[in-house]
Amino acid sequence: MAATETARPDRLRLVGGDAMCPQRGALEHLTSRWGTLVLIALLDRPYRFSELRREIGRVSEKMLTQTLQTLERDGMVHRDAKPVIPPRVDYSLTDLGREAAEQVRALAHWTDLRMAAIEKAREEYDAAKA
């Protein structure tokens, strides 16, 4: 970091002008469409893949697999593959994942509470642009 730069934990900066800083990448994983839903679902209990897919709804197998792998790589999700026939894989939150999921759930709850105000603002914006 240059002498004129200061660390700003409240602001995500670009590194090298165009590459994302690591915090931004992790934030994108947590707040992606499916990442958010996976984290919130796993707050309740561990799920098997097919159960989780049904719980979330309208997610493709490929997208759910990619999301779980990304969250596992980031240390948010634990994948427990049991050596039985047929294979059994359970997904649960790590301590880090639980902490993140609680934050994401709080944001989702706030959005639910404030949706009427958001919709009103959208309508006013659209009317002003028309």
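Me: What is the mean pLDDT of the protein?

Reply: The score pLDDT is the predictor's confidence in each residue, from 0 to 100. Here the mean is 89, and 85% of the residues reach 70 or more. Over residues 1-6, however, the pLDDT is below 50, and beyond near neighbours in sequence this stretch has four contacts in the model (contact means heavy atoms within 4.5 Å). Where pLDDT is low, the predicted coordinates should not be read in detail. In this predicted model, local features need pLDDT of at least 70 and side-chain atom pairs count only at pLDDT 80 or more, whereas totals for chains, interfaces and linings use all residues. Residues are numbered from 1 along each chain as its sequence is written, and side-chain values use heavy atoms, with hydrogens and water left out.

Me: Where is the kink in helix H5 centred?

Reply: Helices (H or I, at least four residues) and strands (E, at least two) are DSSP runs, numbered from the N terminus. The bend at a residue is the angle between axes fitted to the seven residues ending there and the seven starting there. Helix H5, residues 95-129, has a kink of about 60°, centred on Arg 114.

Me: Which residues of H5 are buried, and against which elements do they pack?

Reply: Buried means under 20% relative accessible area, exposed over 50%, and partly exposed in between (1.4 Å probe, protein chains only). In H5 the buried residues are Gly 97, Ala 100, Ala 101 and Val 104. They pack against helix H1 (22-31), helix H2 (33-44) and strand S5 (88-93).

Me: How many salt bridges does the structure hold?

Reply: Side chains of opposite charge can pair when their charged atoms come close. A salt bridge is a side-chain nitrogen of Lys or Arg within 4 Å of a carboxyl oxygen of Asp or Glu. The structure holds five. Among them, Arg 45 pairs with Glu 51 at 3.8 Å, N to O; Arg 45 is partly exposed at 38%, and Glu 51 is partly exposed at 25%.

Me: How far apart in helix H5 are Lys 120 and Glu 124?

Reply: An α-helix has 3.6 residues a turn, so residues three or four places apart point the same way. Lys 120 and Glu 124 are four residues apart in H5, and therefore separated by about one helical turn. The closest N and O atoms of their salt bridge are 3.5 Å apart.
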